[in-house]
Amino acid sequence: MTVTTAWVIQGMTIDSGSVVLENFTTRTQGLSIRQEAQIGRFGTSHGRLQLDNQDNALTPAGGGSLQNYDWFNAVYKFKVQSTLGGSTLASDVCFMVCTDIRFDDDGTRSVAILTLADPFIYAARDQVTAISLSSPVYDSLDEIMLDIVNGYSSGGDAITAVAFPRFAAAADSQMTIERGNNDITVTAPANDNDIGYTGKLQTLQSGSARDYINNQVLPTGPSVAFPANVSTSGSGASTKFDFNAFYINRKLTRETVGGNDKFKKYVFNENGSAGVYPIMFASTQFNSAEVSNQATVQDQGASGDAVVSNNSTSQQGLGVRSVNYNNVILPQATPSQTAKTNVAEWWTTRFDTVSFVTQQITTTLGAIEPHIDTSSQNTNFTDLLSGDDCLWTYAEVTLTPTGASSAKTYKCVIVGRSIDATPSDTRITFDLVSAIDNQSIKLDNTDIGILDTFRLG
Amino acid sequence: MTNPFDFSSGAVLTAAQLNSIGAWSSYTPSGGNWSSVVTVDEAAYVEVNKIVIAKFKITLSGTPTSGMGNFSITQPVAEKGGDTWAGSAGGGYIHDSSTSYSYPVQSFISGTDIFLRSTPDGAADANVDYNSPIVFASGDEFRFFICYEAA
């Protein structure tokens, strides 16, 4: 007994308080999805969906059943169902909106091709006018993101929400956050040693909400956030879309949050075995592109000089590699030099060396299916495919290089993936980085709880 | 941040947590036999695993009476039971604001409270109460610390 998989592609809208699903699965000739999440920047999803239009049903004003479908006013949800012994689990792989659609017809074949992006693209389009709150708001960085995207109002101060499309609902769509780990307890304003978990929202410079998140909020951790899944909330006329983002603070390591263990482990090797995912292709490289040994950090408002953290040992061996953040929102009334240093040294101590690590692996659902034969393996497989449990998770890759006599295991973290699916199979390429640099030591964990190897959060 | 203990298995260890080991946390003592006549100027403690050290500066805002019993104040962290005498150590002094004299005291634990004991000149040691080692009045001060094992 092994698992079988199937894609489900749906267009979602809300009509009179009810979610309306248009199923495009049988029309889908192919799809591609690209998802990535970097440190200090909001992650992105984009892709393409090719639909069969041989019956002309999709063509606007073409007289077909979907001639009036509002392509730009729907959320497209991509799921993979994995069925084992009659029990089916579903992974919410991705959700996106249509940014462009074209109808190609060569006289023989007629297709509709959608260009897709995650809905947070609207946070990059919507201008935020410069705002100055009368008093600072100290809060965790994810809550500050929500204030910027969903709007804020208190004591006469207000920030206007990003104008997401409603996708036919009567109520405004909104952003929600799923946390992947826990903040430490931080007073407000924060002590110097507690920087990186909270921020100070007081002024917003002109720009988009996404500019503010990418240049000021997430670099203050630094933290990670990326589109995860879509759901609806409310009832009746207030039913609305919730665009869920997954947030991981500067520890980078997932923890148990609210009783749910968010830490996941995926194991890959060349041939696969029970619960172990087979690799078709692997690329192992030196991760020199990730090196950071000089960091310049200045707070918004520029209190005092910018702090420049230099790791001279690393610089002597690898040359100078800089990162520069000019507008972090440190949670202090007048940010101290020590607080800035806390952020700057995070970069120059965590990414100061080069290691040889697997950076890309490719597999297919068809190759994986024979190795999933228990419900727990199916759960792990479902997590691997999902939007919230794949990125920034621990992955262990074991390879025997061609010509070598012994295998080598690399501890990695998944930070991106490319999915290319056709009706016959699905190919997935995972982008990996070193877990030693991109996780923090997790107590009692056999994989990343190793003293003198893994780093402090 | 506050004292990071206890660490939980599976939690991620942070530099901020390690740097806060030994950090003092303020607390507000509750109860105590003299609570109606004391002003707590400072009460703070540090906990490192099972080791607890607490420090206090207290000023009398009124005059204690014989009916109040011995001076006492609540513990910041519950003490390991059974170590009432041998398991705690500490000391400090009482300052008589009317004479500007100071008197050494030893701190100890009994039950859920911290008490003080003194040795007046030419007399047996005794718990600090309304008239031992001095006749207390508003403005007199207590400054002391105690260390003990947490439960």
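## Sheet of chain A and its interface with chain B

In this predicted model, strands of chain A form an open three-stranded sheet in the order E12-E16-E15, with mixed pairing; strands are DSSP runs (E, at least two residues) numbered from the N terminus, and two of them pair if DSSP finds at least two bridges between them. Strands E12 (174-179) and E15 (224-233) of chain A are the edges, each with a single partner strand, so one side of each has no neighbour in the sheet. On average, neighbouring strands are turned by 30° against each other, direction ignored. E15(A) runs antiparallel to E16(A) (residues 240-248), joined by nine bridges; A:Ser231 has A:Asp242 in E16(A) as its bridge partner.

| Quantity | Value |
|---|---|
| Residues in contact (heavy atoms within 4.5 Å), chain B | 15 residues |
| Residues in contact, chain A | 17 residues |

The area buried between the chains (accessible area, 1.4 Å probe, lost on being put together, summed over both) is about 1,300 Å², with 62% from carbon and sulfur atoms. In chain B, B:Met1, B:Val12 and B:Leu13 lose the most area to chain A, together 44% of what that side buries. The side of chain B touching chain A has eight nonpolar, seven polar and no charged residues, where Ala, Val, Leu, Ile, Met, Phe, Trp, Tyr, Cys and Pro count as nonpolar, Asp, Glu, Lys and Arg as charged, and the others, Gly among them, as polar.

Residues are numbered from 1 along each chain as its sequence is written. Side-chain values use heavy atoms, without hydrogens and water.

Conventions: Chains lettered and ligands numbered in written order. Predicted model: local features only at pLDDT ≥ 70, side-chain atom pairs only at ≥ 80, totals over all residues. Buried area = accessible area lost by both parts, 1.4 Å probe. Helix = DSSP H or I, 4+ residues; strand = E, 2+ residues; numbered from the N terminus. Axes fitted to C-alpha atoms, helices over the stretch in contact; angles between N-to-C directions.
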